[in-house]
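Please look over the following structure before reading the briefing.

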Amino acid sequence: MLGLVVDHSAPDGLRLSEVPDPVPAADEVLVEVRTFSLNRGELRGLRARPEGEVHGWDVAGVVREPAADGSGPRQGAKVAALIGGGAWAQLAAVPTRWMGEMPDAVSFEAAAALPVAGVTAVRILNVAGSVLGKRVLITGASGGVGRIAVQLAKRSGAHVTGVVGSPERGEGLRELGADELITDLEADESERYEAIIESVGGPSLAAALGRVAPWGIVISFGNSSGEETRFNVSPFYNLPGASLRGLRVWPEIDRHGSGPADLRLLGELVAAGKLDPQVSLTGSWREPGPAIEALLERRVRGKAVLRVD
């Protein structure tokens, strides 16, 4: 089969090459990959990946071979999945606990945008608990997770504030459900939030810890700034009941066994027109460079998806 493999000498760090077909374990499904989406985290870490490896986390396609242990979707089912690596190829072996069936009405492009970004947003809001009537702040709101989290939080009855790098980055967020947009979390310290969804790290996380409400929670799931976080802890621990929680999506869904249900929920919302996965860039995996460059330069509002053609 063909796969996009890590090539440290290539301008984009990838090249299309023949690679061995994956051999599924008993609890894995063999998927014919139709599309996959790109994540900044995968791309920023390419230089640290082994030469010749097939990387990639998000995949959408059709089941070629069901799992030998009888778990998971049937042959021919349309599926979306998140995996620890191996998505950027014609075939992928996917653990059934990390995949879910997609309704026929959901395109492969839309399905590929849901696994990492969508399931992360679902799990974060599960940790936050009921947000009905509460104030929710989302940093990195213009990204893939942020745009889905804005929609899900608003549908859950929250008052949603999005933090964006610039007014241009925030375009379209009000239409998705954001009640307010701000560009500087530290500018107005009068507002407090019952739940803060934080992915920027560094000074942004420090500011978030100073803006959480009593008995509120800050959920950290990324560090896109790459910076250390420094803050005065005294105001935080003197705030009644406030908490900081870290979240990484794979251990979280393994803990709850929620992967298939989370993906099915997201697919049903998309099919019903109640969730927009925000695919703003599509292309061919044979020319990944433009999509990679646009994503790393933060010119993509939402998700970038490549077709395996």
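A crossing of two helices is called left-handed if the near helix is turned anticlockwise from the far one by less than a right angle, and right-handed if clockwise. Helices (H or I, at least four residues) and strands (E, at least two) are DSSP runs, numbered from the N terminus. In those terms, helix 3 passes helix 8 in a left-handed crossing. This is a predicted model, in which local features need pLDDT of at least 70 and side-chain atom pairs count only at pLDDT 80 or more, while totals for chains, interfaces and linings use all residues. Residues are numbered from 1 along each chain as its sequence is written, and side-chain values use heavy atoms, with hydrogens and water left out.

**Overall build**

- The protein chain has ten helices and 15 strands.
- Its radius of gyration (taken over C-alpha atoms) is 19 Å, close to the 19 Å that the globule rule (2.2 Å times the number of residues to the power 0.38) gives for 309 residues, so the protein chain is as compact as a globular protein of that length.
- The C-alpha trace of the protein chain spans about 55 × 40 × 35 Å along its principal axes.
- Of the 309 residues, 54% count as buried, where buried means under 20% relative accessible area, exposed over 50% and partly exposed in between, with a 1.4 Å probe and protein chains only.
- When contact is taken as heavy atoms within 4.5 Å, 68% of the contacts between residues at least 6 apart in sequence join residues at least 24 apart.

**Helix 3 against helix 8**

- Helix 3 and helix 8 (residues 249-256) pack at an angle of about 60°, with their axes 10 Å apart; axes are lines fitted to C-alpha atoms, for helices over the stretch in contact, and angles run from 0 to 180 degrees between N-to-C directions.
- Helix 3 and helix 8 are therefore oblique to each other, given that angles under 35 degrees count as roughly parallel, over 145 as roughly antiparallel, 65 to 115 as roughly perpendicular and the rest as oblique.
- On the helix 3 side the contact is made by Val116, Val119, Thr120, Arg123, Asn126 and Val127, and on the helix 8 side by Val249, Trp250, Glu252, Ile253 and His256.
- This contact of helix 3 with helix 8 has six nonpolar, three polar and two charged residues, where Ala, Val, Leu, Ile, Met, Phe, Trp, Tyr, Cys and Pro count as nonpolar, Asp, Glu, Lys and Arg as charged, and the others, Gly among them, as polar.
- Glu252, placed in helix 8, is buried with a relative accessible area of 5%, and beyond its neighbours within four places in sequence Glu252 is in contact with Arg123, Val127, Arg245 and Leu247.

**Helix 3 against helix 9**

- The axes of helix 3 and helix 9 (residues 259-271) come within 10 Å and cross at roughly 105°, which makes helix 3 roughly perpendicular to helix 9.
- Pro115, Gly118, Val119, Val122 and Arg123 in helix 3 meet Asp262, Leu263 and Leu266 in helix 9, and the residues of this contact divide into five nonpolar, one polar and two charged.

**Two residues within helix 3**

- Val122 lies in helix 3 (residues 115-128) and is buried, with a relative accessible area of 11%.
- Not counting residues up to four places away in sequence, Val122 touches Leu152, Asp262 and Leu266; Val122 and Leu152 are 30 residues apart in sequence and 7.7 Å apart in space, C-alpha to C-alpha.
- Ala121, also placed in helix 3, counts as buried at 0% relative accessibility, and leaving aside its neighbours within four places in sequence, Ala121 is in contact with Val145, Ile148, Ala149 and Leu152.
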